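Reader: I have a structure to read. Please show me how to go about it.

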Amino acid sequence: MEFLGDLLHHHHAGEDALLWPKLLARVPTQLAPVVELMQRQHEQIDATLTRVQKALPEWAARAAASTRNALASDVAQLNAALAEHLDGEERQVLPLAATCLDPDE
Ligand SMILES: [Fe+2]
């Protein structure tokens, strides 16, 4: 889970820094909400991921039921948010990126 969290964090940081600003500057106005939705989803995913990463060490050390239940709830929430986000990226953002970015970008 720790590796996945780090990977996800770096992936999203790259999109936040390199993808969303370029798309927002280049997509037609009516498509800006798609990009803005992706940005908001990143913020929600990051908040949930931060909770999971903070809870993991305590759960690993003590495995208390209360810690387990909260962690399981956050992991389930993270999974659902990621499924929605990644589906949106594939269906809506990749076609935009293909038309708004050049291959070097
Ligand atoms: Fe993303």
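Author: The chain exposes about 6800 Å², an area from the Shrake-Rupley method with a 1.4 Å probe, where for residues only the protein chains shown count as cover. Carbon and sulfur atoms supply 57% of that area. This is a predicted model: local features need pLDDT of at least 70, side-chain atom pairs count only at pLDDT 80 or more, and totals for chains, interfaces and linings use all residues. Residues are numbered from 1 along each chain as its sequence is written, and side-chain values use heavy atoms, with hydrogens and water left out.

Reader: How many helices and strands are in the chain?

Author: Helices (H or I, at least four residues) and strands (E, at least two) are DSSP runs, numbered from the N terminus. Here there are 3 helices and 0 strands. From the N terminus on, the order is α-α-α.

Reader: What does the C-alpha trace span along its principal axes?

Author: The span is about 50 × 25 × 15 Å.

Reader: Which residues form the nonpolar patch on the surface?

Author: Like charges are joined within 9 Å, nonpolar side chains (Val, Leu, Ile, Met, Phe, Trp, Tyr) within 5 Å. Here the patch holds Met1, Phe3, Leu4, Leu7 and Val75, with about 490 Å² of accessible area together. Helix H1 (residues 2–26) gives the most, with 3 residues. Val75 sits in helix H3 (residues 65–100).

Reader: Why does Val75 count as partly exposed?

Author: Buried means under 20% relative accessible area, exposed over 50%, partly exposed in between (1.4 Å probe, protein chains only). Val75 has 32% relative accessibility, so it counts as partly exposed.

Note on methods: Patch = residues over 30% accessible without salt bridge, like charges linked within 9 Å, V, L, I, M, F, W, Y side chains within 5 Å. Salt bridge = Lys/Arg side-chain N within 4 Å of Asp/Glu carboxyl O.
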